[in-house]
Amino acid sequence: MEDIARSLKNLRKLRNEIKGIQIAIHANRKADVFDIVSGSSDIFPYNARRFEIRGADVQKADRLQIKLARKKRQLEEEMIKAENFLEGVRNPEMRNILRLRYIVGLSWGDVARECGSTEEAVRKRNQRFFENL
């Protein structure tokens with residue numbers, strides 16, 4: 001239960017992290033690598049030259065893609081658990097407080113206004129709810 005409560009409190013952060021991972025996955029597809037090497041011409045007078053080699057480190061990119069996809073899946077599962085938990089809250093007023101605070105991201109004052117209550121009252125209800133889990 002504590003994990004689900006923590007997930008609920010971090011729901012917006014989880015969504016933002018998933019967006020960041022999606023950006024990283026997309027950016028990784030375009031990852032190029034390059035190196036500069038020295039060598040000589042294969043014909044006389046065998047002058048020393050520098051060569052720039054460009055390409056993609058496919059293995060490294062694939063490993064990173066897999067790692068990022070795994071992390072994204074874990075975060076999505078955590079989000080689903082938190083949202084399922086929220087849907088399971090029987091008291092509609094408490095569910096509304098939780099949704100406004102943790103999913104929408106309103107301040108306690110705004111949550112109180114939306115619920116027709118005081119800031120102190122909604123904070124206390126939230127605190128009691130998590131203590132009673």
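Residues are numbered from 1 along each chain as its sequence is written. Because the model is predicted, local features need pLDDT of at least 70 and side-chain atom pairs count only at pLDDT 80 or more, while totals for chains, interfaces and linings use all residues, and side-chain values use heavy atoms, with hydrogens and water left out.

**Exercise 1. Find where in the chain confidence is lowest and where it is highest.**

Step 1. Begin with the pLDDT, which is the predictor's confidence in each residue, from 0 to 100; the chain averages 86, and 96% of the residues score at least 70.

Step 2. Turn to the helices, which are DSSP runs (H or I, at least four residues) numbered from the N terminus. Confidence is lowest in helix 1 (residues 2-9), with a mean of 74, and highest in helix 5 (residues 108-115), with 96.

**Exercise 2. Compare the span of helix 2 with the expected one, and locate its buried residues.**

Step 1. The expected span is 1.5 Å times one less than the number of residues. Helix 2 (residues 11-28) has 18 residues, and its reach of 26 Å from first to last C-alpha is close to the expected 26 Å.

Step 2. Buried means under 20% relative accessible area, exposed over 50%, and partly exposed in between (1.4 Å probe, protein chains only). In helix 2, Leu 11, Leu 14, Ile 18, Ile 21, Ile 25 and Asn 28 are buried.

Step 3. These residues lie on the same side of helix 2, because they cover an arc of only 95° around the axis, taken from the directions from the helix axis to the C-beta atoms. The face turned away from this buried side carries the exposed residues Lys 13, Asn 16, Lys 19 and Ile 23.

**Exercise 3. Classify the aromatic pairs that Phe 129 forms with Phe 85 and with Phe 130.**

Step 1. Rings of Phe, Tyr and Trp (its six-membered ring) pair if their centres lie within 6.5 Å; planes under 30 degrees apart count as stacked, over 60 as edge-to-face and the rest as tilted. By this rule there are three aromatic pairs.

Step 2. Phe 85 and Phe 129 have centres 6.1 Å apart and planes at 55°, a tilted pair. The pair links distant parts of the chain, with Phe 85 in helix 3 (residues 58-87) and Phe 129 in helix 6 (residues 119-131), 44 residues apart.

Step 3. The rings of Phe 129 and Phe 130 are 5.3 Å apart at their centres with planes at 80°, so this pair is edge-to-face.

Step 4. Phe 85, Tyr 102, Phe 129 and Phe 130 form one aromatic cluster.

Conventions:
Helix = DSSP H or I, 4+ residues; strand = E, 2+ residues; numbered from the N terminus.
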